[in-house]
Number of protein chains: 2
Amino acid sequence: MNAPSAPTPPPPPQPSGRRTGRRPGRADTRAEILAAARGEFAERGYEQATVRGIARAAGVDPALVHHYFGSKERVFLAAMEFPVDPSAVVEHVVAGDPAGIGERLARFVLASWEAPEVRERLLAILRSTASSPEMAALFREFAVTILVRRVAPAVPGPDAELRVELAFSQVVGLAMARYVIGVEPVASADPETLVAYLGPTFQRYLTQT
Amino acid sequence: MNAPSAPTPPPPPQPSGRRTGRRPGRADTRAEILAAARGEFAERGYEQATVRGIARAAGVDPALVHHYFGSKERVFLAAMEFPVDPSAVVEHVVAGDPAGIGERLARFVLASWEAPEVRERLLAILRSTASSPEMAALFREFAVTILVRRVAPAVPGPDAELRVELAFSQVVGLAMARYVIGVEPVASADPETLVAYLGPTFQRYLTQT
């Protein structure tokens, strides 16, 4: 996943190689930037982390980070290797008739997880989230800044962020039960059956009806 | 499923080695039986595993397994170091007015997780479930045979087992979001606030109303 070398001061127990020396090859430079980004995001949080700081930690020019990734959010998603575009959640789920938001979310979640290459990557994220404090910190930043803050404004009523996170928790829990723990019958239940049960849960969390 | 010398996952202090030689001390014998039990349950599943097989794998007499633990279920719970008595779920949650089952389950779950020593152990189980196939297999057996099959008969309507597992998945997801990922505001939300939101979710899964 990332480079070896000496452990750096504060960050958690992961070989989060934060080297300062420049690397020659392009693939190496990109990997170097991503390793530095994981360290920065985990340590400072998404809001406090900067492209400049990531560049410094990677020993490259900030322009190179922009060149490779474009924006801080793009660096972040690449650092997490997150396989779903969060904008798609907003576009396909939040936009549209509020009465159908729960079912749209359930359908979106199942469709994403049922795609083998997406599932594989999401599972890797979930597994390392459970075992690595650095990955848990990254995932926390992701959930809050990329998902919750973007979806909550579209959610009416009090406790909007909390309720978005409860929907998120049901997504994570379904993934754990169906794909990680693999408990039957949920593990091999038909996606449409799951949509029928999960849709109303999401609907109530997101619209309180 | 797992090799005797395989390195165990980081979190729990769990030597999953399946040794066959007898151990002298009593503490060692008990630990030996539990290590053998983890292997047997993970490999054969709860139903197929036997006290006799566990004793054989541990190199002890079956009577000794009964002496230490009493029953297969007790061996299993001890092997998982599961900190909550599953009978309590049935007693405190399933029994009683069906109209209150969702709220009772939410309250039971929060009360369990908020007790530090219970939380610590549940987190260890959750973390190792995500990283170790053996622990995932144990947890799967636990969920199905100890929880789902015991609760489902009390749940009316079709897909009873599936719906019990969806409630289970919301419990696991809440634990992931609140305690593992630690996403705010759910991480520090007041338990009663969570009960108010989670209760209706459990209620609908368990009674379809």
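**Close-ups of a predicted two-chain model**

**View 1. Helix 6 (residues 101–114) and helix 9 (residues 160–180) of chain B have axes that come within 12 Å and cross at roughly 40°.** Axes here are lines fitted to C-alpha atoms over the stretch in contact, with angles running from 0 to 180 degrees between N-to-C directions; helices are DSSP runs (H or I, at least four residues), numbered from the N terminus. The model is predicted, so local features need pLDDT of at least 70 and side-chain atom pairs pLDDT 80 or more, while totals for chains, interfaces and linings use all residues. Residues are numbered from 1 along each chain, chains are lettered from A, and side-chain values use heavy atoms, without hydrogens or water.

**View 2. Here are the residues where those two helices of chain B touch (heavy atoms within 4.5 Å).** Helix 6 of chain B brings B:L105, B:V109, B:L110, B:W113 and B:E114, and helix 9 of chain B answers with B:A167, B:V171, B:L174, B:A175, B:R178 and B:Y179. That makes nine nonpolar, no polar and two charged residues (Asp, Glu, Lys and Arg count as charged).

**View 3. Chain A and chain B bury about 3,400 Å² between them, 67% of it on carbon and sulfur atoms.** Buried area is the accessible area (1.4 Å probe) lost on putting the two together, summed over both. A:A130, A:I181 and A:Y197 supply 20% of what chain A buries against chain B, more than any other three residues. The contact takes 41 residues from chain A and 41 from chain B.
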